[in-house]
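Hello,

Here is the structure I promised to pass on to you. Please have a look at it first, and then read on for what turned up in it.

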Amino acid sequence: MRTLEDAPAEARPRLEAAQKNNGFLPNLVRLLANAPVALETYQTVSAINGRASLTLAEREAVQITAAATHGCGFCVAGHSAIADKKAQLDQATISALRALEAVADARLGAVAAFTKAVIASRGNVTDAELTAFKKAGFDDQAALEVVLGVSLATLCNFANNLGRPELNPELSAYEWRPEVSAQ
């Protein structure tokens, strides 16, 4: 993992921006700085994902579901913090998403179920899965935005699973570990 001092020159401005935006330097960003193009991709796609028609809560449902599916404790913790502090999701919803269980809120439940289907089928969801997603009030744009969120999550989840960064102390209240059967 890189620091502001030893990161490649092209990654330093991105590390500085991440530290300013978060109030600390997330270890995911420090890890991605080993490949400046990976860090740039993460930050660029993250910004694009932030402009999606899905609400912040819906985008976080995608991220938590994907991270839990991929067994990425770092991302489950980080996105649980965002879901709690910024999206203001209740603890029961966050816990259900983290456990890959049914969510009481119909729209968030539909997002989580569709995210799981997209990952499991590599995007080749069944007609019934797409229909169920649309019956929850979503459209083709939202379906593609779930795919976008999954692509962002895949980069982060796989990078974290590869690099195994420690969880930042700022995220310790949201720690999550995959169950052995989930791996």
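In this predicted model, helix H5 gives the largest share of the lining of the largest pocket, seven residues. The whole lining of that pocket comes to 30 residues. To find the middle of the pocket on your screen, look for Asn22, Tyr42, His79, Ile82 and Lys86, which lie nearest its centre. Several helices take part: H1 (12-22), H2 (27-32), H3 (36-49), H4 (56-70), H5 (73-85) and H9 (140-163) each supply at least two lining residues. The space inside is about 930 Å³. As for the kinds of residue around the largest pocket, 16 are nonpolar, nine are polar and five are charged.

The second largest pocket holds about 380 Å³ of space. Its lining consists of 15 residues, and Gly73, Phe74, Pro165, Trp176 and Arg177 are the ones nearest the centre. Helices H5 and H9 turn up here too, each with at least two residues in the lining of this second pocket. By class, that lining has six nonpolar, five polar and four charged residues.

Glutamate 58 sits in helix H4. Is glutamate 58 buried or exposed? Its relative accessible area is 4%, and the cut-off for buried is under 20%, so glutamate 58 counts as buried. Leaving aside residues up to four places away in sequence, glutamate 58 touches Arg107, Leu108, Val111 and Phe138.

Two of those contacts, Leu108 and Val111, bring us to helix H7, where both are buried. H7 covers residues 106-121, and its 16 residues should span 22 Å at 1.5 Å a residue. The C-alpha atoms at its ends are 22 Å apart, so the helix agrees with that expectation.

Other buried residues in H7 include Gly109, Ala110, Ala112, Phe114 and Thr115, along with Ala117, Val118 and Ile119. What covers the buried residues of H7? Helix H4, helix H6 (91-98), helix H8 (127-135) and H9 are among the elements that do.

The two ends of H7 are also worth a look. At the start, a side-chain oxygen of aspartate 105 comes to within 3.1 Å of the backbone nitrogen of arginine 107. After the helix comes arginine 122, which has a positive phi, near 55°.

Enjoy exploring, and do write back with any questions.

Best wishes

Technical notes. Residues numbered from 1 in each chain as written. Predicted model: local features only at pLDDT ≥ 70, side-chain atom pairs only at ≥ 80, totals over all residues. Heavy atoms only, no water. 1 Å grid on protein atoms, 1.4 Å probe; cavity = no way out; pocket = protein on both sides within 12 Å on 5 of 7 lines; lining within 4 Å. Points joined across faces, edges and corners; volume = space filled by probe spheres on them. Helix = DSSP H or I, 4+ residues; strand = E, 2+ residues; numbered from the N terminus. Nonpolar A, V, L, I, M, F, W, Y, C, P; charged D, E, K, R; others polar. Buried < 20%, exposed > 50% of the residue type's maximum accessible area, 1.4 Å probe, protein only. Contact = heavy atoms within 4.5 Å. Expected span 1.5 Å × (residues − 1). Polar contact = N/O pair within 3.5 Å; in protein donor to acceptor, adjacent residues only side chain to side chain.
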